[in-house]
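Take a walk through this protein chain with the model open beside you.

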Amino acid sequence: MTYTSFVFIIFLAASCLIYYLVPKKAQWAVLLAASLVFYIISCKELALVMAASALTVYGGALGIQRLADSFKQKREGLDKAQRKELKAQINKKKKALLSVVVVLNIATLALLKYCNFFGSIINWAAGIFKAGQVIPAVSIILPLGISYYTLMAVSYIVDVYRGKIEAERNYFRLLLFVCYFPHIMEGPFDRYDKLNEQFRQPHFLDLGLIRSGAVLLMWGLFKKLVIADRAGLIAAGIFDNADSLSGTSVIIAMLAYTLQIYADFSGCIEIVSGASELFGIKIAENFRQPFLSRSINEFWRRWHITLGLWLKEYVFYPVSLSSGFKRVNTFVSKHIKSQHLVKLLPAAYALLFVWLCNGIWHGAGGKYIFYGLYYYALMMLGELAKPVTDRLISALKINTDSKLYHFWQGVRTFVIVNFGMLIFRSTTVQESTHLFCRMFSSVNLFELFTDDFTIEHISNKDYLLLALCVVLLAVIGILKEKGTDIRTAIFSKPIVIRWALYLALIFATIIFGMYGGDFGNAAMIYGEF
C-alpha cells in the first residue's frame with residue numbers, strides 16, 4: 001500500500017471515521033491498529049523485525065529508567081563521596097545497557113541494508129591477495145522504513161538515558177511511536193515526547209482541521225503525481241543512456257532529477273502531514289523552502305530538516321564530547337596559532353562523522369559516501385576560506401546585504417545542490433564524474449529541438465506543464481518565505497473561490513497525473529531508505 005494509491009485514501013478515510021467514533025481514550029489504539037494493518041499489508045512477516053526493534057528499546061529503556069530510579073532512592077542518607085561512587089556505578093550500568101540496545105538495532109540495520117556493500121568491500125580487499133569472492137552477494141528484502149524507525153527507536157532510548165524523558169511503561173504505546181503509519185515510509189524523524197503527548201490527548205472532530213489536512217494531502221499528491229513522476233520520466237529517459245549523453249542532455253537530466261526528488265520527497269511529506277492532521281496529530285516539519293537558501297549550510301537546515309537535527313543531536317554532540325574530539329582540540333590548541341583554524345579543525349573532526357553518517361544513511365554504496373563527503377568538503381572549504389573571502393568582499397566593497405548579492409548566493413547554492421543531485425542519481429562515482437565532465441565538453445542548446453532528444457511518453461506539452469509547475473512552486477515558496485500561510489489565505493476566501501481552487505487541484509491531479517495506462521505508480525524515492 002503506497003501513499004499515492006486509491007486504496008490508501010480509502011484506508012485513511014476508514015481509519016479516520018473509526019478514530020472519531022470510538023471513545024477518546026481508545027483513539028491511540030485505533031492509530032496503532034491502523035499502523036499495524038498498514039505495515040503488515042506493506043511488508044507482511046517483516047513487520048516482526050520492526051516489532052522486535054521496538055521491543056528491544058522498550059526493554060532497554062525500562063532497564064535504564066529503573067537504574068535511574070534506584071539511584072534516586074539509594075542516594076538518600078549517603079555522603080557526597082558515596083553518592084558519587086554510586087552514581088558512577090549506576091551510570092556504568094546504564095551506559096552498558098544503552099550500548100547493547102543501540103548496537104543491536106544499528107547492527108540489524110547494517111546487516112539487512114548494508115550486507116552486500118560491506119561484502120563487496122571485503123571481496124575487493126580479498127581480490128588484492130587473489131583470494132576470489134569471499135562473501136557472496138545475497139538478495140534481502142528490507143522491512144518498510146527500517147532506516148526511519150531504527151533511528152527513531154535509537155533517539156527514544158538515548159533520550160531516556162539522558163533523562164530528557166521517562167521510559168514508556170506500555171509497550172504498545174511505544175510501538176505506535178515507532179510504526180505510526182503517516183511517517184513510517186519516508187519520515188520525518190519525530191521525537192517521542194512530541195508525538196506521545198499528542199497521542200494521549202483526546203481529539204474531537206474538527207471540520208476545519210479535516211479541511212486543512214485534506215488540502216495539504218491533495219497538494220502533496222499533485223506534487224508527486226503531476227510534477228515528480230513527470231520529471232522522473234524525463235530524468236530516467238536520459239540517464240538510462242548515460243554512456244552516450246551530450247553535455248546538454250546531462251544538464252537537462254540533472255535539473256529534471258532535482259525537480260523530481262524535491263517534488264517527490266516534499267510531496268510525500270505533505271501527504272503524510274495532511275493525513276496525520278486528519279487525526280489531529282501534527283508531525284515534524286521537514287522542508288522549509290530549501291531552494292531559497294543562500295548557502296549549503298542553510299540548504300541542509302531547510303532540506304530533510306529532521307535528519308539534520310537527528311544527526312546533530314545523536315552524532316555531532318556525542319562526538320564533540322568524545323575523548324577523540326578532546327585530543328584533537330588539545331593538539332590544535334597547542335600546535336596551531338591561527339584562531340580561525342583552532343575553532344574550525346575540531347568542528348571539522350566532529351562534522352566528518354555527521355556527513356559520513358548522512359551519506360551512509362542514504363544508501364549502501366560508495367556513491368552515497370561520496371555524496372555526503374561532497375557536501376562536507378565544500379562546507380569545510382568555505383569555512384577555511386572565509387577570512388580570505390571576507391577580506392576580498394571588503395576590498396571590493398561588495399554590499400552583502402544587497403538583493404543582487406543574495407541572488408548570486410542563491411544561484412551558487414542551486415548549482416552546487418544540482419551537482420550533488422547528479423552524484424546521488426548516478427549509478428557509481430565514476431559515472432557521476434564522467435557525466436560532470438560531459439557537461440563542460442559538449443553543450444549544444446539546439447539539440448533540445450531535434451528528434452535525438454525525444455523521450456518516450458514525453459511531449460512538448462509535458463515540458464510546458466513542468467515549466468508552469470516550477471513557476472507555481474516558486475511563487476508558493478516565496479509567499480511562504482515571506483510568512484504567508486497558504487492554506488489560511490485560501491480558507492479566508494469566499495466559498496466560490498475556495499471550491500474553485502479545491503476542484504482545480506483535484507482535477508489537475510486526475511487529468512495530469514502520471515498513472516494508469518503506460519505509467520506505473522512510481523515508487524517514492526526516499527521510501528527506499
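This is a predicted model: local features need pLDDT of at least 70, side-chain atom pairs count only at pLDDT 80 or more; totals for chains, interfaces and linings use all residues.

Helix 4 gives ten residues to the lining of the second largest pocket, the largest share of that lining. Among the elements of the chain, helix 4 has the lowest mean pLDDT, 86. Helix 6, residues 171-179, has the highest, 95. For the protein chain as a whole the mean pLDDT is 89. Of its residues, 94% reach 70 or more.

Stay with the pocket. Rolling a probe the size of a water molecule over the atoms shows where empty space is left. The second largest pocket has a volume of about 930 Å³. How many residues line the second largest pocket? There are 29. Look for Val-102, Val-158, Tyr-314, Val-315 and Pro-318, which lie nearest the pocket's centre.

Which helices each supply at least two residues of this lining? They are helix 4 (80-128), helix 5 (146-162), helix 11 (305-320) and helix 13. Sorted by class, the lining holds 24 nonpolar, three polar and two charged residues.

Helix 13 leads on to the next topic, packing. Two packed helices are described by the angle between their axes and the distance between the axes. Helix 13 covers residues 339-362, and helix 14 covers residues 366-384. They pack at an angle of about 160°, and their axes are 7 Å apart. Angles over 145 degrees count as roughly antiparallel, so helix 13 and helix 14 are roughly antiparallel to each other. Their crossing is right-handed. The residues of this contact divide into 18 nonpolar, five polar and one charged.

Now find helix 8, residues 207-239, and helix 9, residues 247-277. This pair also packs at about 160°, with axes 6 Å apart. Helix 8 is therefore roughly antiparallel to helix 9. What is the hand of the crossing where helix 8 passes helix 9? It is left-handed. In the contact of helix 8 with helix 9, 22 residues are nonpolar, ten are polar and five are charged.

Helix 8 has another partner to look at. Helix 1 spans residues 6-21. The axes of helix 1 and helix 8 come within 14 Å and cross at roughly 165°. Helix 1 and helix 8 are therefore roughly antiparallel to each other. Helix 1 passes helix 8 in a right-handed crossing, whereas helix 8 passes helix 9 in a left-handed one.

Notes:
Residues are numbered from 1 along each chain as its sequence is written. Side-chain values use heavy atoms; hydrogens and water are left out. Axes are lines fitted to C-alpha atoms, for helices over the stretch in contact, and angles run from 0 to 180 degrees between N-to-C directions. Helices (H or I, at least four residues) and strands (E, at least two) are DSSP runs, numbered from the N terminus. Angles under 35 degrees count as roughly parallel, over 145 as roughly antiparallel, 65 to 115 as roughly perpendicular and the rest as oblique. A crossing is left-handed if the near helix is turned anticlockwise from the far one by less than a right angle, and right-handed if clockwise. Ala, Val, Leu, Ile, Met, Phe, Trp, Tyr, Cys and Pro count as nonpolar, Asp, Glu, Lys and Arg as charged, and the others, Gly among them, as polar. On a 1 Å grid over the protein atoms alone, a cavity is a set of points where a 1.4 Å probe fits but cannot get out, and a pocket is an open set with protein on both sides within 12 Å along at least five of seven lines; lining residues have an atom within 4 Å of a point. Grid points are joined across faces, edges and corners, and a volume is the space filled by probe spheres set on the points. pLDDT is the predictor's confidence in each residue, from 0 to 100.
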